[in-house]
Amino acid sequence: MIIFLIGFMGSGKTTLGKQVSRITGHEFVDMDYIIEKEVGMTISQIFEQMGESWFRNKETEVFSRFSSESNLVVATGGGAPCFNNNMDLMNRVGITVYIKPDTATLASRLENARYFRPLIASLTHDELLNHINERLTAREPYYNQAKCIIKGNNIKPEHVIRLVFGDIGTE
């Protein structure tokens with residue numbers, strides 16, 4: 001089984017993915033890390049030098065490799081479900097889980113991590129809130145196609161495991 005964790009940047013996909021991986025014994029995979037390692041550049045450098053379209057195609061290439069895998073927990077990039085039918089692919093080969101904290105929590109987390117995220121580093125607090133709201137509005141139609149949706153600001157790995165393995169839908 002492949003568990004794909006999707007959601008906005010700062011939602012906790014990587015942290016939660018590592019925890020779920022430890023508990024289940026599944027291998028943890030961070031999509032952005034794989035791409036950075038293969039390309040030899042940071043995501044910001046890839047966007048700057050290769051462009052978003054190239055990056056999105058690379059994401060899809062990496063996703064397509066997972067179709068024959070099992071026992072993975074995959075933390076996707078925030079925009080990954082929104083391009084190249086990636087959401088359909090993920091839903092076909094695994095279980096998608098949308099991690100959905102509230103906007104204030106996302107803003108707080110991103111505000112504290114802005115120096116590690118060059119795309120938002122120069123935004124003021126109000127601009128950051130605007131950015132989050134605009135992006136979420138555009139991305140939610142994709143995110144909401146997830147097989148499971150977990151709303152909350154302090155999601156525990158047990159919530160994900162219960163939903164995925166207990167097959168109880170959304171919470």
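Predicted model: local features only at pLDDT ≥ 70, side-chain atom pairs only at ≥ 80, totals over all residues.

E59 is buried, with a relative accessible area of 0%, where buried means under 20% relative accessible area, exposed over 50% and partly exposed in between (1.4 Å probe, protein chains only). Residues are numbered from 1 along each chain as its sequence is written, and side-chain values use heavy atoms, with hydrogens and water left out.

**Salt bridges**

A salt bridge here is a side-chain nitrogen of Lys or Arg within 4 Å of a carboxyl oxygen of Asp or Glu. By this rule the model has seven salt bridges, including the ones below. Helices (H or I, at least four residues) and strands (E, at least two) are DSSP runs, numbered from the N terminus.

| Salt bridge | Closest N and O atoms |
|---|---|
| E59 and R56 | 3.0 Å |
| E61 and R65 | 2.8 Å |
| E140 and K100 | 3.6 Å |

E59 and R56 both lie in helix α4, three residues apart, or about one turn of the helix. E61 and R65 are also both in α4, four residues apart. An α-helix has 3.6 residues a turn, so residues three or four places apart point the same way. E61 counts as partly exposed at 37% relative accessibility, and R65 is partly exposed at 36%. The pair of E140 and K100 links distant parts of the chain, with E140 in helix α7 and K100 in strand β4 (residues 95-100), 40 residues apart. Through shared partners, salt bridges join E38, K58, E61 and R65 into one network.

**Aromatic rings**

Rings of Phe, Tyr and Trp (its six-membered ring) pair if their centres lie within 6.5 Å; planes under 30 degrees apart count as stacked, over 60 as edge-to-face and the rest as tilted. The whole structure holds five aromatic pairs. One of them, F4 with F63, is edge-to-face, at 5.9 Å centre to centre and 65° between the planes. F4 lies in strand β1 and F63 in helix α4, so this pair ties together parts that are 59 residues apart in sequence. The rings of F4 and F66 are tilted, with centres 6.3 Å apart and planes at 50°. F4, F63 and F66 form one aromatic cluster. F4 is buried at 0% relative accessibility, F63 at 1% and F66 at 6%.

**Nonpolar cores**

A nonpolar core is a set of buried Ala, Val, Leu, Ile, Met, Phe, Trp, Tyr and Cys residues joined through side-chain atoms within 4.5 Å. Which members of the largest core, with its 34 residues, touch the most other members? They are F8, F63, F66, V74 and I132. Helix α7 supplies the largest share of this core, four residues. Apart from it lies another core, of 15 residues, among them I3, V20, C148 and V160.

**Cysteines**

A disulfide is a pair of cysteine sulfur atoms within 2.5 Å, and the whole structure has zero disulfides. For C82, the nearest cysteine sulfur is that of C148, 18 Å away. C82 counts as buried at 12% relative accessibility, and C148 counts as buried at 5%.
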